[in-house]
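Good morning, and thank you for coming. Please look at the structure on the screen, and I shall then take up two topics.

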Protein chains: 2
Amino acid sequence: MNPWICDRTSPLSRGKPGEVVDVRPLGSALASAQTATLFRAEQVEVRRLVVPAGKEIEEHKAKGEIVVHCLEGKVAYTAFDKTHTLEAGKLLYLPTGEPHSVKGIEDASLLLTILLPKH
Amino acid sequence: MNPWICDRTSPLSRGKPGEVVDVRPLGSALASAQTATLFRAEQVEVRRLVVPAGKEIEEHKAKGEIVVHCLEGKVAYTAFDKTHTLEAGKLLYLPTGEPHSVKGIEDASLLLTILLPKH
């Protein structure tokens, strides 16, 4: 069975199993970048979330566990009733359903590894 | 339910839900670093795999899907009958059971996000 599911809603190119995906900091391209699904597989989806400085993503809950990895820039990440500053190379784990919100302190991109609930 | 499972076999400190984990390149500390489980939760385990230059991890299969993210250095990663060079910021997805092997070209560390099979 091919576990690959194509996500046609993503604006950027996506990897396939065995293809190398580039998750380096976008640097000067960050200002015009958009959030993109990098790939989606059987149980996991990997996205690059672009958070411009000043942008706030209001509190919400995720449908699965999430690993948040800051690739560049700086955000304020609120979860577990605490606000953390996430900078490049800092990572945070959120269990399923944990309410969280994000605010860009500097232009930032975050690598989100989202565990998809099994059907 | 607390999804957190403590891994007492890991030599390095581990995060807990809501704690920020440092996955920046180890730089000069890489030469003396060891592979470590950074955290393990309900459905996911995150490890930093240290691969010294010249070291080979022979072909094996994983019990779950894996996302491999090179944090620093350079490795040759063989999967799907192809060998890829992974450098910092490059990421590869492996489906469950895909045979793969790794060889250090330079001292390297890889962030492994391993999806644990549900019980």
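Which strands each supply at least two residues of the lining of the largest cavity? They are β5 (66-72) and β10 (108-115) of chain A, together with β5 (66-72) and β10 (108-115) of chain B. Strands here are DSSP runs (E, at least two residues), numbered from the N terminus.

A word on sources: this is a predicted model, in which local features need pLDDT of at least 70 and side-chain atom pairs count only at pLDDT 80 or more, while totals for chains, interfaces and linings use all residues. Residues are numbered from 1 along each chain as its sequence is written, chains are lettered from A and ligands numbered from 1 in the order in which they are written, and side-chain values use heavy atoms, without hydrogens and water.

A cavity is a set of points on a 1 Å grid over the protein atoms alone where a 1.4 Å probe fits but cannot get out; lining residues have an atom within 4 Å of a point. The search of the whole structure finds 1 cavity of 30 Å³ or more, and about 90 Å³ of space lies in the largest cavity. Its lining includes A:H69 and B:H69.

Let us turn to the sheet. An open sheet of 4 strands in chain A has the order β4-β9-β6-β7, with antiparallel pairing; strands pair if DSSP finds at least two bridges between them. The edge strands, β4 (56-60) and β7 (82-87) of chain A, each pair on one side only. In chain A, β4 and β9 (residues 100-104) pair over 3 bridges, and A:H60 stands opposite A:H100 in β9(A).

Key:
On a 1 Å grid over the protein atoms alone, a cavity is a set of points where a 1.4 Å probe fits but cannot get out, and a pocket is an open set with protein on both sides within 12 Å along at least five of seven lines; lining residues have an atom within 4 Å of a point. Grid points are joined across faces, edges and corners, and a volume is the space filled by probe spheres set on the points.
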